[in-house]
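Student: I'm new to this one and would like to go through it step by step. Can we start with the picture?

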2 protein chains.
Amino acid sequence: MGKRIGLIAGNGQFPIIFTKAARKEGYEVIAVAHIGETEPSLENYVNEIEWIRVGQLGRLIKFFKKKNIKELVFVGGIKKKKLFSNIFPDLKALTLLARLRHKHDDAALRAVADELEREGFIVCPSTLFVPSLLAEEGCLTNRKPTKEEKKDIEFGWQMAKAIGKLDIGQCVVVKRQVVVAVEAVEGTDETIKRGGRLAKEGAVVVKVSKPNQDLRFDVPAVGKGTIETMMHVKAKVLAIEAKRTLIFDKERMVSLANEADISIVSLKKS
Amino acid sequence: MGKRIGLIAGNGQFPIIFTKAARKEGYEVIAVAHIGETEPSLENYVNEIEWIRVGQLGRLIKFFKKKNIKELVFVGGIKKKKLFSNIFPDLKALTLLARLRHKHDDAALRAVADELEREGFIVCPSTLFVPSLLAEEGCLTNRKPTKEEKKDIEFGWQMAKAIGKLDIGQCVVVKRQVVVAVEAVEGTDETIKRGGRLAKEGAVVVKVSKPNQDLRFDVPAVGKGTIETMMHVKAKVLAIEAKRTLIFDKERMVSLANEADISIVSLKKS
């Protein structure tokens, strides 16, 4: 039997990108996908797929054991707003939830990962086969941030890190050293829309990893869609964290930003 | 000449409430009101009024000096989103803005207050004549928070204080110990709407003063409108800070909450 990996697939394009990369490395990909979250076309890329509802942890474990999977990855998020509806926790998940003191995002994911490791699985980083998707340091666009925007990046970075430390969210929208919008459960696109509208033109978007980020899941990600949202509200700068942010569709994202005269900067700060 | 006080009027009903209370105490109220922000009917309550645009600080100073005003109060906010549009800073205001390192809300207000004091004015707390509007400790409604909601209040309190310490905002919406929405520039009502919608039913709203709150301005305030917004999204609990929150329209607010089976709790925590 060849190399096999278990894919716990969330939403977005990342599960498909991951699958292509893993198969290129010679891995078979056995997926558990979430109804209403995971892109249905993932079926066309993986070797096997099982569809479950969000929260069916017992079923997920049973499936991967039956398939003799040892290594697992979480790829793609589950929309946090789903946590308040459309969730069908089975007994296993309920027991886990009951043990959680804070039902924070990361705490919950970490608890699930720990539970899986107790069951004998190894949870690997989602960036395993796709290190090339991690943002390199530097300015990716033709347009560089202005002096004033650099101040906003610096200020927004501190704020986003503080918000991340509280395990609330990863993204803030800033203008003239005022935090215009903070991301919580609504997600990055909504935050950019709200912040961009309130700031009128020229907002600066900062998206960073949490200080205690577990790179096994919920790595910050940006893509073409991020720039489209920014264009919509005339935001001007996207600042991300080098080596800790996934960029999907990099070429198209950067060329779109260049067309729209938007700056994308990837920074490394302690 | 009798006792006179200078009123720097922002939006909402607070300037009118303040004026009535001050005149009852025998004060003449001389107001500077902000076009597009201040309720036009304030004219009917004050002794004199001067309408300016947001940012005309030099003009404000000149007016109060001409009127021989010594004591000033800031009453009612300027919608923070206005800070990015409709602002017409005069030379005085521009000089001030240029000196500010961070253009945070509080920092900006404090700088304006400091400037006014340098000009010889005394800036008094906005609660001067209305101590009765400050929330007393206790549960104000028939409905008491459940055990689970108490956990959310405890958790939300810590989060809101942390957000306040960063000078971002004063309000968070929480459910099952997850921060669903954080207030920044959009204001409390928008935050409740967003958080309440994402949480589905049963959200807990926590609104507190900032750890470094300067009670001269921007004291947290709630009223009937807060409860109406909560009803709209089926939120269940409003937690506020005793002695550091203004309640407008208290009777109507509490009776509305009772009708809607909403809890209002006013707490004192260090």
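This is a predicted model: local features need pLDDT of at least 70, side-chain atom pairs count only at pLDDT 80 or more; totals for chains, interfaces and linings use all residues.

Student: Which strands of chain A does helix α5 lie across, and at about what angle does it run to β7(A)?

Tutor: Helix α5 of chain A covers residues 147-165. The strands it lies across are β7 (171-175), β8, β9 (204-207), β11 (237-241) and β13 of chain A. Its angle to β7(A) is about 145 degrees.

Student: In what order do the 6 strands of the open sheet in chain A come?

Tutor: The pairing in this sheet is mixed. In general, strands of a sheet pair through backbone hydrogen bonds, either parallel or antiparallel. Reading across the open sheet of chain A, the order is β6-β13-β11-β9-β7-β8.

Student: And which strands stand at the edges?

Tutor: Look for strands with a single partner, because one side of each is then left without a neighbour in the sheet. In chain A that picks out β6 (138-139) and β8 (178-182).

Student: Which residue in the turn of the β7(A)-β8(A) hairpin has a positive phi?

Tutor: As a rule, most residues other than glycine have a negative phi. The hairpin has 2 residues between its strands, and the turn residue with a positive phi of about 45 degrees is A:R176.

Student: Which residues point each way from β7(A), and are they buried or exposed?

Tutor: In a regular strand the side chains alternate between the two faces of the sheet. From β7(A), A:C171, A:V173 and A:K175 point one way, while A:V172 and A:V174 point the other way. 5 of the 5 residues of β7(A) are covered in this sense, A:C171 having a relative accessibility of 1%. So the word for them, with the cut-off at under 20% relative accessible area, is buried.

Student: How many of the 5 residues of β8(A) are buried?

Tutor: β8(A) stands at an edge of the sheet with a single partner strand. Even so, β8(A) is largely enclosed by the rest of the structure. The count of its buried residues is 5 of the 5.

Student: Are α7(A) and α8(A) roughly parallel or roughly antiparallel?

Tutor: The axes of α7 (residues 224-232) and α8 (residues 250-259) of chain A come within 8 Å and cross at roughly 20 degrees. The contact is made by A:K224, A:I227, A:E228 and A:M231 of α7(A) and A:R252, A:M253, A:L256 and A:A257 of α8(A). Angles under 35 degrees count as roughly parallel, so these two helices are roughly parallel.

Student: In which hand does α7(B) pass α8(B)?

Tutor: In chain B, the axes of α7 and α8 come within 8 Å and cross at roughly 20 degrees. The hand of that crossing is left-handed.

Student: Is A:D249 buried or partly exposed?

Tutor: A:D249 sits in the loop between β12 (246-247) and α8 of chain A. Its phi is positive, about 60 degrees, although A:D249 is not a glycine. With a relative accessible area of 29%, A:D249 is partly exposed.

Student: And B:D167, buried or exposed?

Tutor: B:D167 lies in the loop between α5 (147-165) and β7 (171-175) of chain B. B:D167 also has a positive phi of about 60 degrees without being a glycine. Its relative accessible area is 16%, so B:D167 is buried.

Technical notes
Residues are numbered from 1 along each chain as its sequence is written. Chains are lettered from A and ligands numbered from 1 in the order in which they are written. Side-chain values use heavy atoms; hydrogens and water are left out. Two strands pair if DSSP finds at least two bridges between them. Helices (H or I, at least four residues) and strands (E, at least two) are DSSP runs, numbered from the N terminus. Contact means heavy atoms within 4.5 Å. Axes are lines fitted to C-alpha atoms, for helices over the stretch in contact, and angles run from 0 to 180 degrees between N-to-C directions. Buried means under 20% relative accessible area, exposed over 50%, partly exposed in between (1.4 Å probe, protein chains only). A crossing is left-handed if the near helix is turned anticlockwise from the far one by less than a right angle, and right-handed if clockwise. Angles under 35 degrees count as roughly parallel, over 145 as roughly antiparallel, 65 to 115 as roughly perpendicular and the rest as oblique.
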